[in-house]
Amino acid sequence: MTFSDTAAAGRVFPLSAEGEPSLSEFAYAQILDLILSGRLQAGAVLQERKLAEMLSISRTPVREALGRLETESLAMRRQGRMLVVADVSIETYMNLLDMRRILEVEAAARATGQLAADEAEKVRVAIRGLLQLPKITPADHWSVDDLVHGTIAEAAGNPMVAAAIRDLRRRTHIFNTARMPHRLQPGGSEHMALIDAVAGDDPQLSRRLMGDHLDNVRDAIIDFILGRRRG
């Protein structure tokens, strides 16, 4: 598999300062696809040299990609040395999303009535701006998605809960709009409704909308993983 093969397949990667596709992003995306598809299963050793040869790139971007995968708990050290694929089963992600649902639904309810009008409007402007972009990158989407969920979590008033939500979101960040583009427009509408509810005075509405939003994310992730593994 070469860089041109991947480009021909229609994948788009963030650009470097020189305007060239980032090789570390390329390596990250390719290795991640191998993990999510099940071709690299839990416990498989991740060797820089072999992966670099397979991707026809140098070892440096592969090393950077593996470091990112380790940070995201998708790879782990065995006996403190050997890097292997961590357990990324559907059950693992369902448990992560269940934890997110428990925390974020309650956070949305607690944040209701606590969100300043100017903060709510800042989030609305960001959502509208995102949906008006002619071409939306995963980084664009993540920035707004993080703003929506982070703003609600912070408004709930418990820094420990907000930190836990940030960590859980980081661990499910791999399922962005590059992998689930069909979630972009619905997700934007759901985010707008969420902010409007949290800026209002009905905690139960905020609770319901956050729960529905995370249920939709969960269903999209299940469909994505199952589709990759059937393919």
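# Helix packing and selected residues in a predicted model

D215 lies in helix α10, residues 203–230. The structure is a predicted model, in which local features need pLDDT of at least 70 and side-chain atom pairs count only at pLDDT 80 or more, while totals for chains, interfaces and linings use all residues. Residues are numbered from 1 along each chain as its sequence is written, and side-chain values use heavy atoms, with hydrogens and water left out. Helices (H or I, at least four residues) and strands (E, at least two) are DSSP runs, numbered from the N terminus.

- D215 is buried, with a relative accessible area of 17%; buried means under 20% relative accessible area, exposed over 50%, and partly exposed in between (1.4 Å probe, protein chains only).
- Although D215 and L97 are separated by 118 residues in sequence, their C-alpha atoms are 8.6 Å apart in space.
- H213 also lies in helix α10, and H213 is buried with a relative accessible area of 3%.
- When neighbours within four places in sequence are left aside, H213 is in contact with H149, R183, E190, H191 and L194; contact means heavy atoms within 4.5 Å.

**Helix α7 with helix α9**

- Two packed helices are described by the angle between their axes and the distance between the axes.
- The axes of α7 (residues 138–155) and α9 (residues 184–198) come within 11 Å and cross at roughly 25°.
- That angle makes α7 roughly parallel to α9; angles under 35 degrees count as roughly parallel, over 145 as roughly antiparallel, 65 to 115 as roughly perpendicular and the rest as oblique.
- Axes are lines fitted to C-alpha atoms, for helices over the stretch in contact, and angles run from 0 to 180 degrees between N-to-C directions.
- α7 passes α9 in a left-handed crossing, a term used if the near helix is turned anticlockwise from the far one by less than a right angle (right-handed if clockwise).
- On the α7 side, the contact is made by H141, D145, V148, H149 and I152, and on the α9 side by L184, H191, L194, I195 and V198.
- These residues divide into six nonpolar, three polar and one charged; Ala, Val, Leu, Ile, Met, Phe, Trp, Tyr, Cys and Pro count as nonpolar, Asp, Glu, Lys and Arg as charged, and the others, Gly among them, as polar.

**Helix α5 with helix α7**

- The axes of α5 (residues 90–111) and α7 come within 8 Å and cross at roughly 65°, and α5 passes α7 in a left-handed crossing.
- R100, E104, A107, A108, R110 and A111 of α5 make the contact with H149, I152 and A155 of α7.
- By class, the contact of α5 with α7 has five nonpolar, one polar and three charged residues.

**Helix α3 and its buried face**

- In α3 (residues 48–55), the residues E48, L51, A52 and L55 are buried.
- Seen down the axis of α3, the buried residues fall within an arc of 100°, so they line one face of the helix; the arc is that of the directions from the helix axis to the C-beta atoms.
- The buried residues of α3 pack against α2 (23–36) and α4 (59–71).

- Most residues other than glycine have a negative phi.
- S56, which follows α3, is placed in the loop between α3 and α4, and its phi is positive, near 60°.
- S73 is found in the loop between α4 and β1 (75–78) and has a positive phi of about 65° although it is not a glycine.
- S73 is partly exposed, with a relative accessible area of 34%.
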